[in-house]
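The sequence and structure come first.

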Amino acid sequence: MDLKSLRAFCSVAEHRSFSRAAAAQSVAQSILSRQISGLEKEVGGRLFHRTGRGVLPTELGEQLLPRATALVADSRAFEDAARGLHASPSGVVVLGMVPIAARAFVGALSAKLQQAYPRIRLRVLEGYTGQVEEWLASGRVDIALFNRVRGGKVRGAEPLIRTELYLLGPRRHAAVRRPEIAFRDLAGLPLALPAQPNSLTSYYTALAASQHFELNIVLETGSNAMMKDAIMQASLCTINPRELVARELEAGDIKASRIVKPVIVQTTWLVLGSQRPLSEAARVVARLIVERGKDR
């Protein structure tokens, strides 16, 4: 069992495609297929099954993937150290981010890396808090940025952004005509919220229960773009920071009412992955994100 085969396995699992994985590894697809076949013989079972849109890991593949990912990461960390690249970090750093963090950090971070660390490449995955935490727990991302609305600290996390939450809706919607709206007045209002499991949606649901009413959640989605479409086309409202719809607010397509009684403050936290050794490149990226957060 060699590292090339393990890297091929991890790449196919990530890209869900032999052809895309081969391109990412800069090898012929036939070579990558032989590597996977050889690995399957060694582990005694199939690692992938084909679907209409590519491939997915089998149950055996899912069980072996975290260990393979850790071994590949260990080998890359060793190679970095052996080549003395700490003075000029290199490699791919995978970030899992909620939308507000992507908007706040990705552009400035990319510009800084091009200027000071051109050998570091970012791979950014955007999703809501529940998705990002799943990616962190499975070792899919090196650095995670997710939201919390409850008080207190998150263990091992660095706070980056604090923002108040607003009710967002189409410009002619009665609920967003006033500058402020009490949370209790959301009763019966058709809402689009992040898909469960999600700590924010759970918080809103629990807060409504504490005020003796139920939220009327008619759409759960894991897509920020879909959330905006729901506001514009289905006349739904959502609960989010103003920053997520800054362009639409400026254009007058969406209006925002500050939620009060209580005021809801959301904190975006940074957490480093612990499923595999953190590369020097990932440490550099984390430091730059924290510095950017302090400048905001």
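## Leucine 191 in its strand

In this predicted model, L191 belongs to strand β9, which covers residues 190-194. L191 has a relative accessibility of 0%, so the residue counts as buried, the cut-off for that label being under 20%.

Leaving aside residues up to four places away in sequence, L191 touches L167, L215, N216, I217, V218, L219, C237 and T238. E220 lies 29 residues from L191 along the chain, and the C-alpha atoms of the two are separated by 8.7 Å.

## Helix α3 and its extent

Helix α3 is made of 15 residues, 29-43. From its first C-alpha to its last, α3 reaches 21 Å, close to the 21 Å expected at 1.5 Å a residue. Just after α3 comes G44, with a positive phi of about 80 degrees.

Which residues of α3 are buried? They are L32, Q35, I36, L39 and E40. These residues sit on the same side of α3 because the arc they cover around the axis is only 135 degrees. An α-helix has 3.6 residues a turn, so residues three or four places apart point the same way.

The cover over the buried residues of α3 includes the helices α1 (3-15) and α2 (18-25), together with the strand β1 (48-51). R34 and K41 are on the other side of α3, where they are exposed.

Note on methods: Residues numbered from 1 in each chain as written. Predicted model: local features only at pLDDT ≥ 70, side-chain atom pairs only at ≥ 80, totals over all residues. Heavy atoms only, no water. Helix = DSSP H or I, 4+ residues; strand = E, 2+ residues; numbered from the N terminus. Expected span 1.5 Å × (residues − 1). Buried < 20%, exposed > 50% of the residue type's maximum accessible area, 1.4 Å probe, protein only. Arc of directions from axis to C-beta. Contact = heavy atoms within 4.5 Å.
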